[in-house]
Amino acid sequence: MPAAKDGRKPVGTAHCTECDSEAAFYQVQKGKRAGYLYKRCGCGCDQSSGKAKQHRWLAEMTVTGDMLPHPLAEPKPAEPTPEPTEEPAPEPAPNPRPSKGLAGLLLLGLAGLAAVFMA
Ligand SMILES: [Zn+2]
């Protein structure tokens with residue numbers, strides 16, 4: 001077992017207006033409340049786990065050490081995931097008409113020509 005079990009370092013500091021001294025914040029290291037802050041200052045040790053107080057502490061303290069993720073910290077706004085751009089299936093190229101139209105045109109032309117000659 002490590003001897004220095006309680007070698008805790010404050011994770012942050014803030015000025016306590018109540019006792020007018022520098023307060024140190026620590027985080028609960030394990031258990032249900034792991035990550036919760038508690039405060040030590042001239043007022044004593046404040047281990048309130050109320051959401052409002054935890055948030056206030058988070059906001060007012062100056063982080064000085066490595067913090068555990070705080071369970072009540074606001075989750076980072078998720079980055080907007082870009083809409084999956086659905087590529088439209090490439091349209092099959094329209095088949096060039098078999099030369100039916102052309103043949104008809106040719107036939108018409110021939111007929112016209114014949115008409116001219118027969119006139
Ligand atoms: Zn205080």
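Me: Is Cys-45 buried or exposed?
Reply: Good place to start! This is a predicted model, where local features need pLDDT of at least 70, side-chain atom pairs count only at pLDDT 80 or more, and totals for chains, interfaces and linings use all residues. A residue is buried if 20 or more other C-beta atoms (placed from the backbone) lie within 10 Å of its own, exposed if 12 or fewer, and partly exposed in between. Cys-45 has 9 other C-beta atoms within 10 Å, so Cys-45 is exposed.

Me: Which strand holds Cys-45?
Reply: Residues are numbered from 1 along each chain as its sequence is written. Helices (H or I, at least four residues) and strands (E, at least two) are DSSP runs, numbered from the N terminus. Residues 44–46 form the strand where Cys-45 is found, and that is strand E4.

Me: Which residues does Cys-45 touch, leaving out those up to four places away in sequence?
Reply: Two residues are in contact if their C-beta atoms, placed from the backbone, lie within 7 Å. With residues up to four places away not counted, Cys-45 touches Tyr-38 and Arg-40.

Me: How far apart in space are Cys-45 and Ala-24, C-alpha to C-alpha?
Reply: Along the sequence, Cys-45 and Ala-24 are 21 residues apart. In space, C-alpha to C-alpha, the distance between Cys-45 and Ala-24 is 9.6 Å.

Me: In what order do the elements of the protein chain run?
Reply: The protein chain has 2 helices and 5 strands. Read from the N terminus on, the order is β-β-β-β-α-β-α.
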